[in-house]
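This report examines selected local features of a single protein chain.

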Amino acid sequence: MKILLVTGRLAQEQVRAFAGEADVLVADTDVAAFITPQMLLQAAPQGYDLILIPGAATADFSEVETAFGSAVRLGPKHAADLGEVLHLLKKGDLKLSRTTPACQLLLGEMRDKARQDIESIEVQAGASLQIGPIKIGGGSRMKVLAEVVDATRLTPEKLAARILRYQKEGADMIDLGLPLDARPEEVRAAIGVAKEAADLPVSIDSLRPDLLLAGLEAGADMLLSLNAGNMAPVGPAAADAAVPAAVIPGPGSAGLEENVRAALDLGVRVIADPVLDPPMQGLACSLQRYIKFSRRHPNIPLFFGAGNVTEPLDADTSGVNALLAAIGAEVGAAILFTPEYSAKAAGSVRELATASMMMQLARKRKTPPKDLGLDLLCLKQKRRLPEEPLPETMTEAQQGHTYVPDEAGSFRIFLSAGLMVARNGPVSVWGENARDLVNTLVDMGLVRRLDHAAYLGRELQKAETALRLGRDYVQDEPLWPAEKS
């Protein structure tokens, strides 16, 4: 198959790099998305089986197809994906579209390829230091450190379950947050549980020297945190054990630079934390601290407390964590830290894990973090489907339907243990989606009235949406607070 790739002047070098055996035509425009059919008609390319135009082009190129007898199809939006598109075309595994960019068609393939690329980048990446098998800093991916708050107050079973959940969500390391009243023996026990639960590096989070030293004795892989107040008793022990430690400013007038120098002089493997401040309480200024420190000490990995922003901000965390990861990548962060302390922050570990991979791939491809095969789009979509026209004749829906109790009985619907449950007297039916659950209720003869079946469908779909989004579900209550009067 003879293929022609059409692009603009700005992207021509990238396109040529991925073109392989395909020919490249540079249209008379800087931006590839602005290519028009008239440009191709003037260029008059002949003898091609397929002309691949940029995925962002929106014009109708059917006239070009007619004029030259070549199929004109949308390629990917970004040149970095051309290699995969051409590879699949050569194998005959890809059918392209006139209206849908190849990258959209390739979502599944792109997702798998993205993860493979990330693994390959990580294998080849250098690192400022390692914590067990985990690379930290250098060219490696930002690692997600998930905190278990007040870890010593949890039973061993609950602590292990929390750690396993974080591991499943993509955490690279586990941090055991210690309450002020924790005892050294409790710290040692918690580290034992953590080490047994998952094969992930474990850090302990406290400023108390006795707890940090107990953690070292029990095999902690990292310490949070060292400052001028605990450097003397803990620093030498951390250096002797070759256990990395996050170094923070304070107490008092002791600055980060001063504390980092003291730790380095002791031989500590330092991870610097300039401290990310909360929104409207110095966030922008704190980012300047990260930038300045990173420029002065490019080989010292940086600790980035994303939870300092997500926890005091009443906003959905998926977008916030995506932006924080992008900012972290730009200021040189090596570790993304989150506690998932409040209900609104649930899912932050998974979000930061995905965002970290997105930023690693975007940096490698030298593109913005979009159309990568990975994303954090939850409620919004990138592209809308064509809207169907309204029928010529319609009847407006009316309010005021009178419900008659179903002789088969009513249901109580609730969520429990990650399942949807519908209870009618002594009968309880569970499911993971509304369709299967309501169909089972009908098949069991537990629904006799059409309006009751319609009601159950509405409520169960609402319950499924709540389950998928991690929200609470209360029967007959609006799912979204804004709907409440």
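How many residues does helix H8 have, and how far does H8 reach from its first C-alpha to its last? In this predicted model, H8 comprises residues 184-197, which amounts to 14 residues. The distance from the first C-alpha to the last is 20 Å, close to the 20 Å expected at 1.5 Å a residue.

**Helix H8 and its surroundings**

The buried residues in H8 are Val187, Ala190, Ile191, Val193 and Ala194. These residues lie on the same side of H8, because the arc they cover around the axis is only 160 degrees. Their packing partners include two helices, H7 (156-169) and H9 (209-218). Two strands, S8 (173-177) and S9 (202-205), also pack against the buried residues of H8.

Strand S14 spans residues 333-338. S14 is mostly covered, with six of its six residues buried.

| Strand paired with S14 | Sense | Bridges | A bridge pair |
|---|---|---|---|
| S7 (residues 143-148) | parallel | four | Val144 and Leu336 |
| S13 (residues 302-304) | parallel | three | Phe303 and Ile335 |

The loop between S14 and helix H15 (348-365) contains Gly347. Is Gly347 buried or exposed? Gly347 counts as buried, because its relative accessibility is 10%. Along the chain, Gly347 and Tyr166 are 181 residues apart, yet their C-alpha atoms are separated by 9.1 Å.

**Cysteines**

How many disulfides does a search of the whole structure find? The search finds zero. Cys103 is in no disulfide, and the nearest cysteine sulfur, that of Cys378, is 20 Å away. Cys378 is likewise in no disulfide, its nearest cysteine sulfur being that of Cys103, 20 Å away. A disulfide requires the two sulfur atoms to be within 2.5 Å. The surroundings of the two residues can also be described by accessibility. Cys103 counts as buried because its relative accessibility is 3%, whereas Cys378, at 49% relative accessibility, counts as partly exposed. The value for Cys378 does not qualify as exposed, because that class requires over 50% relative accessible area.

Conventions:
Residues are numbered from 1 along each chain as its sequence is written. This is a predicted model: local features need pLDDT of at least 70, side-chain atom pairs count only at pLDDT 80 or more; totals for chains, interfaces and linings use all residues. Side-chain values use heavy atoms; hydrogens and water are left out. Buried means under 20% relative accessible area, exposed over 50%, partly exposed in between (1.4 Å probe, protein chains only). The expected span of a helix is 1.5 Å times one less than its number of residues. The arc is that of the directions from the helix axis to the C-beta atoms. Contact means heavy atoms within 4.5 Å. Two strands pair if DSSP finds at least two bridges between them.
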